[in-house]
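Dear colleague,

I am passing on the structure we spoke about, and below it you will find a summary of what turned up when I went through it. Please read the notes with the coordinates open beside you.

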Amino acid sequence: MASSGEEPRSGSPGRAGTGTEPSPTADVAQLDSAEDFEVLEEEEEEEEEEDLSELPPLEDVGRPPASQRENAQPSERGGGEAAEDPQEWLDVLGSGLLKKKTLVPGQGVDTRPRKGQDVTVRLKATLEDGSVVEENPALTFTLGDCDVLQALDLCVQLLEMGETALIMSDAKYCYGAQGRSPDIPPNAALTLEVELLAARDAPDLELLSGKEKIELANRKRERGNFFYQQADYVLAINSYDIALKIISSSSKVDFSPEEEAELLDVKVKCLNNLAASQLKLDHYEAALKSCNLVLEHQPGNIKALFRKGKVLAQQGEYREAIPILKAALKLEPSNKTIHAELSKLVKKHADQKTVETEMYRKMLGNPSAAGAPGKCKDKLPWSIPWKWLFGATAIALGGVALSVVIAARN
């Protein structure tokens with residue numbers, strides 16, 4: 001829950017992305033096997049994107065005055081104490097979809113964690129019927145990086161050190177319409193019992209070893225893959241951006257050539273997946289920039305070539321897109337998706353040329369074979385415009401006058 005159903009990575013126990021969720025290997029294998037997850041497959045019709053307009057920036061979330069707290073009775077969602085004191089429930093976003101109630105008070109407002117810190121919490125999650133779907137005695141994640149469920153990331157900012165709280169969340173801020181197979185059905189609301197155990201500043205990126213930096217960047221990338229599968233492309237872009245910032249950060253530690261190569265590999269994967277997410281949101285200029293960054297490092301990267309061709313095609317630049325897709329097809333001649341996309345573009349380009357030819361004919365007024373056959377018949381092929389005749393006459397007269405003046409002087 002806290003993570004994304006991704007497989008834990010060795011060397012980083014207890015951090016975000018290491019939740020104990022069922023069947024993690026299948027998801028990771030699907031994403032990492034080709035790392036172009038879905039984009040080199042046949043493009044499906046765009047699904048309607050989830051409206052995230054109700055979700056404010058994480059740094060803007062705060063406790064409203066007591067007079068603005070939710071007084072309505074919350075619906076039963078598996079928390080036995082939820083119905084006892086409705087006036088103590090805090091409507092976190094003001095929409096009734098995410099509520100928090102303190103069970104055990106903490107050590108004061110000043111002990112609340114800050115965005116960017118690494119926090120450790122005890123977590124227990126239940127469905128509406130009371131069945132427990134996850135328990136983690138020490139889940140660690142970076143607050144504000146969306147490493148965990150949005151419900152958890154938003155509400156932990158409001159916890160005081162040592163506080164235990166009950167969080168009732170709509171599916172929108174949990175696993176959404178996808179759910180989590182096999183234990184969390186689609187569109188399932190969750191009740192989270194959370195205790196804030198610790199908060200500390202995140203490690204200095206400049207002091208991370210090559211292995212630590214690779215593992216941290218990969219966790220952010222895998223979280224982005226999770227959001228992509230959930231069709232949360234905005235949050236996917238956020239995770240890929242964080243991973244790229246980690247990779248590009250300066251370092252006071254020397255990395256081995258192998259570590260440098262692995263960091264570059266992670267960077268290329270993030271940029272490719274970033275371009276895929278940007279394409280889903282029709283951010284064509286941003287997607288084109290991401291593809292070009294990949295091609296700077298790897299000019300023969302098929303995924304980047306394919307996506308760049310798609311971006312240019314979406315912008316109507318068929319003349320530029322076709323040779324790029326041809327280059328991708330030359331690298332992988334058996335790829336049916338590239339074949340199909342290239343065939344489609346060639347046809348569109350031919351149609352575009354036909355339309356342009358007809359438009360130019362109309363603009364220039366060129367007669368068609370059936371139109372106005374007798375027009376301009378009186379014009380002889382050797383006829384000279386009157387302006388040219390006038391100019392030639394003026395030049396001749398000027399020459400005669402100059403000759404007269406010279407003769408007079410002599």
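Of the 410 residues in the protein chain, 44% are buried; please keep in mind throughout that this is a predicted model. The chain holds ten helices and six strands, and among its contacts between residues at least 6 apart in sequence, 67% join residues at least 24 apart.

To take one of its members in detail, Leu98 touches, once residues up to four places away in sequence are left aside, Leu90, Asp91, Val92 and Leu93, then Ala151, Leu154 and Cys155, and finally Ile167, Met168, Ser169 and Tyr173.

The charged pairs come next. The count of salt bridges comes to 13, and I describe some of them here.

Arg180 and Glu134 meet through their side chains in a salt bridge, with 3.3 Å from N to O. This pair links distant parts of the chain, since Arg180 sits in the loop between strand E5 (164-169) and strand E6 (190-200), while Glu134 belongs to strand E4 (residues 132-142), 46 residues apart. Are these two partners buried or exposed? Arg180 has a relative accessible area of 6% and is therefore buried, the cut-off being under 20%, and Glu134, at 4% relative accessibility, likewise counts as buried.

A second salt bridge joins the side chains of Lys220 and Asp145, at 3.0 Å from N to O. Lys220 lies in helix H3 (residues 210-229) and Asp145 in the loop between E4 and helix H2 (150-156), so that the pair ties together parts that are 75 residues apart in sequence. Here too both partners fall under the 20% cut-off for burial: Lys220 counts as buried at 4% relative accessibility, and Asp145 is buried with a relative accessible area of 16%.

The salt bridge between Lys269 and Asp265, whose closest N and O atoms are 3.5 Å apart, is a local one within a helix. What separates these two residues along helix H5? Because they are four residues apart in that helix (residues 257-280), the separation is about one helical turn. Lys269 is partly exposed, with a relative accessible area of 22%, and Asp265 is also partly exposed, with a value of 34%. Elsewhere, salt bridges that share partners join Arg122, Glu193 and Glu195 into one network.

The aromatic residues deserve a separate look. The structure holds three aromatic pairs. One of them is formed by Tyr175 and Phe226, which are edge-to-face, with 6.2 Å centre to centre and 85° between the planes. This pair links distant parts of the chain, with Tyr175 in the loop between E5 and E6 and Phe226 in helix H3, 51 residues apart. Tyr175 counts as buried at 2% relative accessibility, and Phe226 counts as buried at 6%. Another edge-to-face pair is that of Tyr228 and Tyr233, with 5.2 Å centre to centre and 70° between the planes; Tyr228 is buried, with a relative accessible area of 4%, and Tyr233 is buried as well, at 12%. Ring pairs also link Tyr175, Phe226 and Phe227 into a cluster.

Conventions:
Residues numbered from 1 in each chain as written. Predicted model: local features only at pLDDT ≥ 70, side-chain atom pairs only at ≥ 80, totals over all residues. Heavy atoms only, no water. Salt bridge = Lys/Arg side-chain N within 4 Å of Asp/Glu carboxyl O. Buried < 20%, exposed > 50% of the residue type's maximum accessible area, 1.4 Å probe, protein only. Contact = heavy atoms within 4.5 Å. Phe/Tyr/Trp six-rings, centres within 6.5 Å; stacked < 30°, edge-to-face > 60°.
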